[in-house]
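Work through the exercises below with the sequence and the 3D view at hand. Each task is followed by a solution in steps.

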Amino acid sequence: MQFEGTERSGEYRQHVPAGANRPLPVVIALHGFLENIAISDLGSGMGDFGYRNGFITITPQLDRLGLAQWEYGPDSADLTWVSEVLTNVESSLCVDTRRVYVTGLSMGAFAASSIGCRFADRVAAIAPVAGLRDFSWCTPSRPVPVIAFHGTDDPIVSYDGQAGSGSAGGVGGSPVTDNAAAWARRDGCTGTPVRTTIAADVVLDRYSCPSGMDVQLYSVLGGGHIWPGSDSPLYPEFIVGSNTDSINATALIWDFFRTHPMNT
C-alpha cells in the first residue's frame with residue numbers, strides 16, 4: 001500500500017488474516033537500520049504468525065533518499081507518518097482500536113520506544129527488540145506495558161551501554177536494564193525486578209506492577225543483535241552475533257500483546 005502523509009510518504013505491507021470482518025488487533029512492525037519491509041517480515045515472521053493467530057500486521061517503510069532508517073526524536077515527522085498510517089489502516093480495515101501494538105528491531109526498537117512515549121493514547125503496548133530506549137523527554141499520556149529482548153553480547157546496540165564494546169563498534173547509551181527500570185517507574189511498578197531463568201541462555205526480569213501493567217526484559221546470555229528465535233538467513237552470525245532457539249520472540253510478544261489491551 002502506497003501512502004502519502006502530511007510530511008512524509010512511503011509504503012506499508014498489510015497482512016490481513018481471515019476473519020477481518022470483525023475487529024482485529026493490529027501489530028505495527030518497524031524495520032531496523034538499513035532494512036526494508038521484506039527483511040523485516042522475514043526476520044520476525046510476524047505477518048505469518050498473525051495469519052495463524054488472528055491479528056493484522058503492518059510493516060511500514062518510508063520513501064527516503066539514502067539509508068533506510070527512522071528518526072525517533074520527540075517531534076519526529078517519521079513517526080507522525082507511522083501514526084498517519086495507523087489512521088489509514090483504522091479507516092480501511094476492521095480494527096480493534098484497544099488492541100494496537102508496536103514492535104521493532106534495532107533502530108525500529110528505538111522508534112517503537114519513542115512511539116510508546118508519543119502515542120500512548122493509541123498504542124496499547126510496545127515490544128522493542130535489541131533496542132529498548134529511555135528518553136529524557138518521555139512522558140506518555142498513560143502507562144504503557146513493555147516487553148523487551150536484548151542479547152548480552154550485542155555487538156551493535158550494547159547491552160551494558162558501552163559504545164564500541166563489540167566487533168561492530170556498538171551503539172552506546174544507558175544499560176538496557178536501566179532502560180527497563182525507567183519504563184517500570186513510568187508504569188507505577190515498584191522494587192527491583194524478579195529474575196527467572198527461562199533456559200540455560202535466557203533470563204527474564206519482571207517487575208511488580210499495578211493491575212494491567214507489566215514490564216518484562218528477556219536477556220539472551222551471549223546473544224547478539226538479532227530477533228530471538230528467528231531463522232532468517234539475512235542475519236549472518238559474523239556480523240550480528242549468535243541467536244538462540246530457547247525462545248521465540250514473536251510468540252512471546254504476541255502472548256504479551258494479546259493479554260495487554262488498552263484499558264484506559
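Two strands pair if DSSP finds at least two bridges between them. Helices (H or I, at least four residues) and strands (E, at least two) are DSSP runs, numbered from the N terminus. This is a predicted model, in which local features need pLDDT of at least 70 and side-chain atom pairs count only at pLDDT 80 or more, while totals for chains, interfaces and linings use all residues. Residues are numbered from 1 along each chain as its sequence is written, and side-chain values use heavy atoms, with hydrogens and water left out.

**Exercise 1.** Find the order of the strands in the open sheet and name its edge strands.

Solution. Step one: follow the ten strands in the order β1-β2-β4-β3-β5-β6-β7-β10-β9-β8, with mixed pairing. Step two: look for strands that pair on one side only; these edge strands are β1 (2–4) and β8. Step three: compare directions. Neighbouring strands of this sheet are turned by 20° against each other on average, direction ignored. Axes here are lines fitted to C-alpha atoms, for helices over the stretch in contact, and angles run from 0 to 180 degrees between N-to-C directions.
Step four: inspect β8 and β9, which run antiparallel and are joined by six bridges. Ala 199 stands opposite Val 202 in β9.

**Exercise 2.** Describe where helix α5 packs on the sheet.

Solution. Contact means heavy atoms within 4.5 Å. Helix α5 touches β6, β7, β9 and β10 (215–220), and its direction makes about 170° with that of β10.

**Exercise 3.** Decide how far helix α4 is enclosed by the rest of the structure.

Solution. Step one: place the helix. Helix α4 (residues 107–118) lies across β3 (24–30), β5 (95–105) and β6, and runs at about 140° to β5. Step two: check its span. The twelve residues of α4 reach 16 Å from first C-alpha to last, close to the 16 Å expected at 1.5 Å a residue; the expected span is 1.5 Å times one less than the number of residues. Step three: count buried residues (buried is under 20% relative accessible area, exposed over 50%, partly exposed in between, with a 1.4 Å probe and protein chains only). Eleven of the twelve residues of α4 are buried, so the helix is largely enclosed. Among them are Met 107, Phe 110 and Ile 115. Step four: name the cover, which includes β3, α3 (77–92), β5, β6 and α5.

**Exercise 4.** Which residue is the salt-bridge partner of Asp 205, and what does the pair tie together?

Solution. A salt bridge is a side-chain nitrogen of Lys or Arg within 4 Å of a carboxyl oxygen of Asp or Glu. The partner of Asp 205 is Arg 195, at 2.7 Å from N to O. Asp 205 lies in strand β9 (residues 202–208) and Arg 195 in strand β8 (residues 190–199), so the pair ties together parts ten residues apart in sequence. Asp 205 is buried, at 7% relative accessibility. Leaving aside neighbours within four places in sequence, its contacts include Thr 177, Val 215 and Leu 217.

**Exercise 5.** Locate other salt bridges among the eleven in the structure.

Solution. Step one: Arg 186 and Asp 134 meet at 2.4 Å, N to O. This pair links distant parts of the chain, 52 residues apart: Arg 186 is in helix α5 (residues 176–186), and Asp 134 is in the loop between β6 (125–129) and β7 (146–151). Arg 186 is partly exposed at 24%, and Asp 134 is partly exposed at 30%. Step two: Arg 64 and Glu 71 meet at 3.8 Å, N to O. Step three: a network of salt bridges links Arg 8, Arg 64, Glu 71 and Asp 78.
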